[in-house]
Amino acid sequence: MQYGQHPAPRFSIAHLSDVHLLPDGVRQYGVVDPVAGLRLALARLSRLERRPDALVFTGDLADRADPEAYDCLRELVEPAAAEMGAEVVWVMGNHDERAPFARGLWGEDTDPERPLDRVHDLGGLRLVALDTTVPGWHHGELSDDQLSGLADVLSEPAEHGTVLAMHHPPIPVPMVEVNAVIELHDQHRLAEVVRGTDVRQVLGGHFHYSSYSTFADGVPVSVASASCYVSDPAPLQRFISGVDGHQSFTMCHVYDDRIVHTVVPLADVPEVSGFPSDVRAEVEALSWAERHDMFARKDSDFNSVHEDHSPRDRG
């Protein structure tokens, strides 16, 4: 059902990042439970009105590249993705290592010096996963061969355009400036490949907070926050501050002429207003003009009749 003037999005992508799983219930810094954060994210996804077509994880999937962490990741994510009917796209991050990553997530052996780039087709929307990692380092790079390969892929436009997914986003880092030392190097070289192609969006991670910019003469860049811990962009008397709060992921709704991004927090918080779910059938039985009159008029009595202040069942 169409409520407003825009049709439903053609594609829906759940963009998650920086899971940092550890094996055997180990907590980051002795405090953060990364498994719990991932479970919260998957639970949130299961409640979305429109289920995603793909779950894209932009790197740092395992905190120390433990094989058991990759096993745990698959055990949690793949059944949830299958229930949603969503494809899973794994992207390398600087905390990941290529050999255990490929073996654990793809069941493949790989040369640890070979970047793990992949191309996915989401029903005409092309998604290119780029491995920007440098073994032994936290900054990012793309090799000559990777840039040449990407240029070859982009030489033929996809039906609905292309989305690039990478761990190191090709944008400035103004909020936590010290992180600039571990950014993607030589970003102008990637821009030369992307400029003038069908790339509609770049998805990144690495920052541990949400951020947005443009790249290569206007291509939007969206950085998803983390499901483990968040880098506080406004710390109190701290040079760098990681906090156990404000975790989120980002939903990307792809329309023919634009992409809309929505940050979805992981924490369940008290509801202060809302409507019970059984109201939906009543609303959908109305014409567009009747729905508009009901919700858009300030003097509509719909709110007073239907608003439900009773505690919500958190299940």
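User: What counts as a salt bridge here, and which residue does Asp63 meet in one?

Analyst: A salt bridge is a side-chain nitrogen of Lys or Arg within 4 Å of a carboxyl oxygen of Asp or Glu. The general idea is that side chains of opposite charge can pair when their charged atoms come close. In this structure, Asp63 pairs with Arg64 at 3.8 Å, N to O. A quick word on the model: it is predicted, so local features need pLDDT of at least 70 and side-chain atom pairs count only at pLDDT 80 or more, while totals for chains, interfaces and linings use all residues. Residues are numbered from 1 along each chain as its sequence is written, and side-chain values use heavy atoms, with hydrogens and water left out.

User: Okay! Are Asp63 and Arg64 buried or exposed?

Analyst: Here's how to read those words: buried means under 20% relative accessible area, exposed means over 50%, and partly exposed is in between (1.4 Å probe, protein chains only). Asp63 is buried because its relative accessible area is 13%, whereas Arg64 is exposed at 56%.

User: How many salt bridges does the structure hold?

Analyst: There are 18 salt bridges. One of them joins Arg74 to Glu78, with the closest N and O atoms 2.9 Å apart. Helices (H or I, at least four residues) and strands (E, at least two) are DSSP runs, numbered from the N terminus. Arg74 and Glu78 are four residues apart in helix H2, so about one helical turn separates them. Arg74 is partly exposed at 29%, and Glu78 is partly exposed at 30%. Elsewhere, salt bridges with shared partners link Arg44, Arg47 and Asp268 into one network.

User: Now helix H3: why is it called largely enclosed?

Analyst: Look at how many of its residues are buried. H3 covers residues 98-106, and eight of its nine residues are buried, so the rest of the structure largely encloses it. Among them are Phe101, Leu105 and Trp106. The buried residues of H3 pack against H2, strand E3 (87-91) and strand E4 (118-122); contact means heavy atoms within 4.5 Å. Just after H3, Gly107 takes a positive phi of about 70 degrees.

User: And what does Ser227 touch?

Analyst: Ser227 sits in the loop between strand E9 (219-223) and strand E10 (230-231). Its relative accessibility is 6%, so Ser227 counts as buried. Leaving out residues up to four places away in sequence, Ser227 touches several residues, including Ser17, Gly37, Gln247 and Leu266.
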